[in-house]
Amino acid sequence: MGSEIIIACICVPLCGSFLLPLLGIINAKLRNFAALAFTVTAFLCAAFALPAVFDGSPLNIHFELPLGLSFGFYADVLAVFMALTSSFVASIIVLYSFDYIKPYEHQNEYYMMVCLFIGTMMGLVFSTNLIFIYIFWEISAICCWRLIGFYREEITIRRANKAFVVTVLGALIMLVGFVGIYGNTGTFDLAAMKGTHIPAWIVVLILCGVLSKSATFPLHNWLPDAGVAPSPVTSLLHAAVLVKIGVYIYARLFVNSLAIDKVFTVAVPVIAAVSALVSAGVALRENDIKRIIAYSTISQLAFILLGLSAGTEIGVLGGLLYILMHSVAKGGLFLCAGIVEHSLHTKDITKMGGLYKRMPLTALAFIFCAFSVMGIPPFGGFFAKYLVIDGIVSAGNTGLGAVFIAGAVMTILYLSRLFIKVFLGESPSRLEVKEGSPLMVASVLILAILSVALGLSISWPSGFVALIGGGI
Amino acid sequence: MQVIESSTVLIFAVPLVIFLINSLFSKRLAEKFSMGLAYVAPITQIVATAACFVQIAHLKQHDIIISWDLAGAVSMRFAVHTYSLVFLFCIALVSLASIMVANRTVPQKRTGFASLLMMLILGMNGIVMVTDLFSLYVFLEIVGISSFVLIAMFKSETGLEGAFKYLVMSVLASIMILTGLAFIFMQTGSLQYDHLEASALAGQSPTQLVLIYAAMILMIAGFAIKTGAVPFHSWLPDAHQSANTAVSVLLSGIVIKVAGIYGLIVITGFFGKLPGIKLTLFIMGTISIIIGALFALRQSHFKRIVAYSSVSQMGYILLGLSTVSMLGLLGAVAHVFNHATFKSTLFTNAAAVHEQTGTYDINELGGLEKKMGVTSFSSLAAFMSTAGIPPFAGFWSKLLIIMALWSSGARVFAAIALFASIFTAAYFLRLQRKVFFGKLRDQLAGITEIGGSVKLAQIMLTVVTIAAGLLFPFALLYFRGIGLL
């Protein structure tokens, strides 16, 4: 398989997205299937790149440009891993959207933005140049802005603007850092700067971008507010793709390419610890189903960041595995919340209860995904969580390890509380609730089953991730 | 060479001929056809400059001097650089957009508009092609006077106020520039560019430096007034608010850049190495960026927001110039081009919104996205470009400017300039939320999309903005090909 496969992986969703509004004018069904086809194509293309990657000969496209710029794509294990994870979950989300988004206006824009967003993600993970990474990063911010503002109400637009301003501000600060790297190395090309040691202030600047995109304390507060978006959007942005961009860049730059000061192996985990505890605490107090899951995302992202920044190989493995497990499980949780919200028309958990009788399959999917996020063995999340904490402990930071175990306990608490309030107990009689549409339920079940399957066959994903570790 | 020579003749001759035709024909006839005829000038100029770009790539030479010997008696020398070609292209593009807008917004005095526009184009072409400072001054006056009349001719009370403010400021600037020229002449004995290049800083006795510094203070202030940079910006929003929108397109799209920025490019080219000049421009640029953006956040008049945004964007161009390096100049010129496209787009949007709804007040608007899809999308693209959000064109020019600032050691200014982009994003989000996004107001239910030439202008400019953003790496390759990078 030649390197055209990467181009196809990026361009099919990226360029295809602009066709979707046109198809939408002709036929809504055609557009929906085209959107699904584009995302699935991205997944398949990434999968086709696997043999070459396993052979140890990553696919590579490269053009030199003036001023230390270059245009290129490079498919190594890390990139393909991210591409596979995000495009798979995104495909499920598109499938789920068919029924969810049907009653609303602006569907053409919705599918276009979702598809463009996935194309952007593909472009971002394969890019070999900081400037092109930045470009894709900002396109994703534009998509995010339009998608959060999907309902066009005053409040949703304000929230969308907030998300846009926070992430763009972070990105601008990061760009200063990129220019700083250029000042130090004379290039924006990742391969050319490999192994260079960069000063701490540049790392801090880039961290601002990472933290804002991955919604980590103190730049996290746009994420819960963005829950006003439709549920598939929240799932796509907050679970599967957008928030993973930040941690991916952390892995790509500071784990895979550049050398940074030792101090960050303590400083970043401390930030992550604060983020994990604060957001878990808030999740315990919230009553809005989507805000609880959103705060849970912030808390779990801290675990990922912890793994990647701990400075041990086992931590990095755990962090990467966590990206996969969290995408699948948290994606599932948001979609389940979407089903609940769709049939109850409320997000307030105090008005819910006893839903397991009315929607047993959703309840099942929810609890499976929740178990994975909590880190209950044998669900996938357990292994990732174990490795991450092992990583920080073997780096000699037992104290931080304990803090994160406390964070994990809080995760169990708030997710149990959520499950009990929503699905168990007395059902308020006034509600005429029924199970979500077959397509929506099927989507969440796929993610739920995958959460178990990835845990049961843990040797496969961890073996794959270990290959990345070899590259590091 | 042949291509470039004939192109330069064309871009001077065509506006002049159209001006004459407009004046010769009977009033009734001219009123009917002058607008159509006016299209010829910018279109010719676009084709001619495009031909020059191709020719320059062949010659691999980025500045070319052309001499005209008029009957052997008077010899006129013009020069074409890559960057003056970019200016020429922008002049044509913006003028084209302006005529397309004027088609709708200028119901009477069409001949007057067309003729003045031709004068304006001629003046601006002159500014970017002359090879001595005095000729530059002469063409500057042509531009100043014709734009004053353009602002004032569609008169309203506020219109007169804005135009008067512009006239006063513009005349003040001219006096300053002329005095500055005199000082330079006293020191160097010549105002020819090539003499200045050789002798500008040759004899560095203290008295002579005093003269040069006096000249610099006057000229930088003068050109900064023309640019509308802070603290000389006060005329710009007023002039825009009162001018017809077709004139606003011209004024913000190109006039402030040719009359102000180009002058500064020339000055910094000769005297930029003097200590203090760089710092002055750094500070002026940074303050313009921040103040302009903050003022834009507070406005509720569509055109005033866009006008203050111009002030802010001029700051970026000043920062690019202030590095006195090839990269900075390139970034500044690229930003001139991008600003010309996205700012004309925004004023065209303003015209479209005003034509359809009858108001410029963003608080009275809302939810126009559904009704005016083209306008909404093009304003979105233009604003994204203004805020420097990739993949739109504005990002690239800002990046070049930031890189130039960084490598010239002005890291703090680079960081400030980047962070200030967030203000740009903020005022653009505010405008989008109030005008296009959101729920449609009841009293706007009957609104339809604007048609005809204004719609066409929006589409044309948006295509240019997006294409410039996506194809910018090729522009970099082009600049490397002709030896600029």
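Is A:H345 buried or exposed, and how many C-beta neighbours does A:H345 have inside 10 Å? A:H345 counts as exposed, because it has 10 C-beta neighbours inside 10 Å. The structure is a predicted model.

## Chain A overall

Chain A has 20 helices and 2 strands. Its radius of gyration is 21 Å, close to the 23 Å that the globule rule gives for 472 residues, so chain A is as compact as a globular protein of that length. Along the principal axes, the C-alpha atoms of chain A fill a box of roughly 65 × 60 × 45 Å.

Of the 472 residues in chain A, 62% are buried.

## Chain B overall

Chain B also has 20 helices and 2 strands. The radius of gyration of chain B is 21 Å. The globule rule gives 23 Å for 485 residues, which is close, so chain B is as compact as a globular protein of that length. The box filled by the C-alpha atoms of chain B is roughly 70 × 60 × 45 Å, taken along the principal axes.

Buried residues make up 58% of the 485 residues in chain B. Consider the contacts in chain B between residues at least 6 apart in sequence. Among these, 81% join residues at least 24 apart.

## Where the chains touch

The contact takes 25 residues from chain A and 26 residues from chain B. On the chain B side, the elements that give two or more residues are helix 17 (393-407), helix 18 (411-435) and helix 20 (472-481) of chain B. Helix 18 of chain B gives the largest share, 10 residues. By class, the side of chain B that touches chain A has 20 nonpolar, 3 polar and 3 charged residues.

## Helix 16 of chain A

Helix 16 of chain A covers residues 360-374. It has 15 residues and reaches 21 Å from its first C-alpha to its last. That is close to the 21 Å expected at 1.5 Å a residue. Of its 15 residues, 11 are buried, so helix 16 of chain A is largely enclosed by the rest of the structure. The buried residues include A:F366, A:F368, A:F371 and A:M374. Also among them are A:T362, A:C369 and A:S372.

Just after helix 16 of chain A, A:G375 takes a positive phi of about 90 degrees.

## From helix 16 into helix 17 of chain A

A:P378 lies in the loop between helix 16 and helix 17 of chain A. A cis peptide bond joins A:P377 and A:P378, with omega about 5 degrees.

Helix 17 of chain A (residues 380-394) contains A:Y386. A:Y386 is partly exposed, with 16 other C-beta atoms within 10 Å. A:Y386 and A:G318 are 68 residues apart in sequence. In space they are 7.5 Å apart, C-alpha to C-alpha.

A:A215 is not a glycine, yet it has a positive phi of about 45 degrees. Its place is in the loop between helix 8 (200-213) and helix 9 (222-225) of chain A. A:A215 is buried, with 29 other C-beta atoms within 10 Å.

A:H345 is a residue other than glycine with a positive phi, near 60 degrees. Its place is in the loop between helix 14 and helix 15 of chain A. A:A215 is buried, whereas A:H345 counts as exposed.

Helix 14 (residues 326-357) and helix 16 (residues 373-386) of chain B pack at an angle of about 145 degrees. Their axes are 9 Å apart. The crossing is left-handed. Helix 14 of chain B contributes residues including B:F342, B:L346 and B:N349. Helix 16 of chain B contributes residues including B:S378, B:A382 and B:S385. By class, this contact has 5 nonpolar, 8 polar and no charged residues.

Elsewhere in chain B, a cis peptide bond joins B:V230 and B:P231, with omega about 5 degrees. B:P231 is in the loop between helix 9 (206-227) and helix 10 (235-242) of chain B.

Terms used:
Residues numbered from 1 in each chain as written. Chains lettered and ligands numbered in written order. Predicted model: local features only at pLDDT ≥ 70, side-chain atom pairs only at ≥ 80, totals over all residues. Contact = placed C-beta atoms within 7 Å. Helix = DSSP H or I, 4+ residues; strand = E, 2+ residues; numbered from the N terminus. Nonpolar A, V, L, I, M, F, W, Y, C, P; charged D, E, K, R; others polar. Buried ≥ 20, exposed ≤ 12 C-beta atoms within 10 Å, placed from the backbone. Axes fitted to C-alpha atoms, helices over the stretch in contact; angles between N-to-C directions. Left-handed = near helix turned anticlockwise from the far one by under 90°. Expected span 1.5 Å × (residues − 1). Rg over C-alpha atoms; globule rule 2.2 N^0.38 Å.
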